[in-house]
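Got a sheet to pick apart here, strand by strand. Let's go through it as questions and answers.

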Amino acid sequence: MNTWLTRFFHAPRSPEDRFVSLVSPHLRRMYRMAYRWTLNAHEAEDLVQDVLVRLLPRTAELESVERLGPWLVRVLYRRFVDLYRRRCASPIDPSQSLDDTDQESRLPGDGGEDLRRTEMQRALQRALQELDDEWRDIVLLHDMEGYTTIEVADIMDISVGTVKSRLHRARAKLKKSLSPGTLQISEAC
Amino acid sequence: MRSRHTVNHPAPAQLADNELIGVLRDMPVPQPDAGYERRVLRAVLDSQQARNKRPAWFFQPTRWPVAAAAIMLLTLVFSQGALRERSPMAGQAWAPVGQTPHTVHVVLDSPRQLRGAIIRVTLPAGAVLEGYRDVDTLQWQADIPAGGNRLSLPLLVQEGISGGTVQVEIEHGGARKALEISIPSPPDGGGASITKT
């Protein structure tokens with residue numbers, strides 16, 4: 001019997017089952033990245049869902065991908081750029097900060113070291129919003145989510161050298177935002 | 001009440017890369033709730049099912065008449081030994097359904113999505129497709145999703161005619177695959193026949 005028929009009729013699982021098996025291990029990572037980009041839980045989930053809807057008819061293609069995790073994040077990133085960045089001047093809602101929404105419950109208490117770290121994170125969050133989109137994306141992927149420079153280059157479709165140089169400059173800018181005289185501390189009256 | 005003011009903070013002055021990365025990695029991302037995976041996957045699969053209800057999913061041109069029947073006859077494709085056909089890419093089955101058309105099922109398993117594929121069906125003398133009685137070659141363009149896909153052809157064979165072949169061709173990106181399906185004699189006491197006018 002020919003290969004096509006063998007593959008079709010002997011396949012014990014539907015494309016939908018295969019799709020679910022393929023993407024399930026990566027759903028939380030996709031959500032994390034989507035949240036990093038959108039800064040909104042609902043939009044993060046919507047973004048992941050939108051990408052998966054588009055990928056479902058491409059199950060066979062997904063099966064041929066060697067490292068599916070970074071591949072999915074690349075698709076997610078491109079969809080984010082299409083849906084959000086090209087639609088808005090900035091994907092970041094400047095009114096949204098660590099002071100509110102989903103992140104409030106995650107913040108540590110008012111203890112000394114916790115407070116200092118929290119304030120640093122707030123300062124960093126503000127500084128991240130002020131970075132160029134491409135610089136911020138590299139920081140999010142590399143420094144915050146741990147992708148390698150090669151993976152970041154692949155996800156963003158740029159050269160490894162560009163990743164490294166932008167990462168270097170972005171870090172310098174972030175550090176500057178935390179330098180003396182710029183870090184704001186909240187203190188009780 | 002809190003006030004916000006600027007102070008000199010000793011630690012960040014000479015923040016090293018690894019310290020910066022440490023703070024960045026600790027920046028919180030709320031975990032989705034426990035039902036997240038199930039909810040998202042359900043929504044994705046439901047959207048696919050909704051899309052599949054559209055006739056175009058089975059390569060069907062406008063007004064193609066057999067969507068529901070084609071789905072029900074999937075078991076026949078398996079059970080009637082159609083896989084022994086010499087087809088390079090498809091199985092076929094005949095539905096002994098009295099005065100209704102023979103439905104020929106062509107099954108195509110594509111490893112990837114084929115956007116804008118051209119599907120062409122050429123009928124032998126004495127055979128027509130229900131709804132297209134004056135046409136012996138039908139051609140249309142459609143996206144063929146990755147995976148298993150089925151094209152259902154409601155075939156009407158002129159009385160007294162047996163034999164002949166239905167040719168199905170699919171073209172995409174300059175490549176072409178063709179399949180010839182032999183029309184068997186109608187089963188005893190069954191099968192459809194038409195009189196061409």
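Q: How many bridges join strand β3 of chain B to strand β7 of chain B?
A: In this predicted model, local features need pLDDT of at least 70, side-chain atom pairs count only at pLDDT 80 or more, and totals for chains, interfaces and linings use all residues. Residues are numbered from 1 along each chain as its sequence is written, and chains are lettered from A in the order in which they are written. Strands are DSSP runs (E, at least two residues) numbered from the N terminus, and two of them pair if DSSP finds at least two bridges between them. β3 (residues 114-122) and β7 (residues 165-172) of chain B run antiparallel, and the bridges joining them number 5.

Q: Which residue of β7(B) stands opposite B:Arg120?
A: Stay with the antiparallel pair β3 and β7 of chain B. Opposite B:Arg120, β7(B) places B:Glu169.

Q: In β8(B), what is the bridge partner of B:Gln167?
A: β7(B) pairs with β8 (residues 175-182) of chain B in the antiparallel sense, over 8 bridges. Within β8(B), B:Gln167 is partnered by B:Glu180.

Q: Which strands of chain B stand at the edges of the sheet, and why is one side of each left without a neighbour?
A: The open sheet has 4 strands in the order β5-β3-β7-β8 (chain B), with antiparallel pairing. Each edge strand has a single partner strand, so one side lacks a neighbour in the sheet; these strands are β5 (137-144) and β8 of chain B.

Definitions and conventions
Heavy atoms only, no water.
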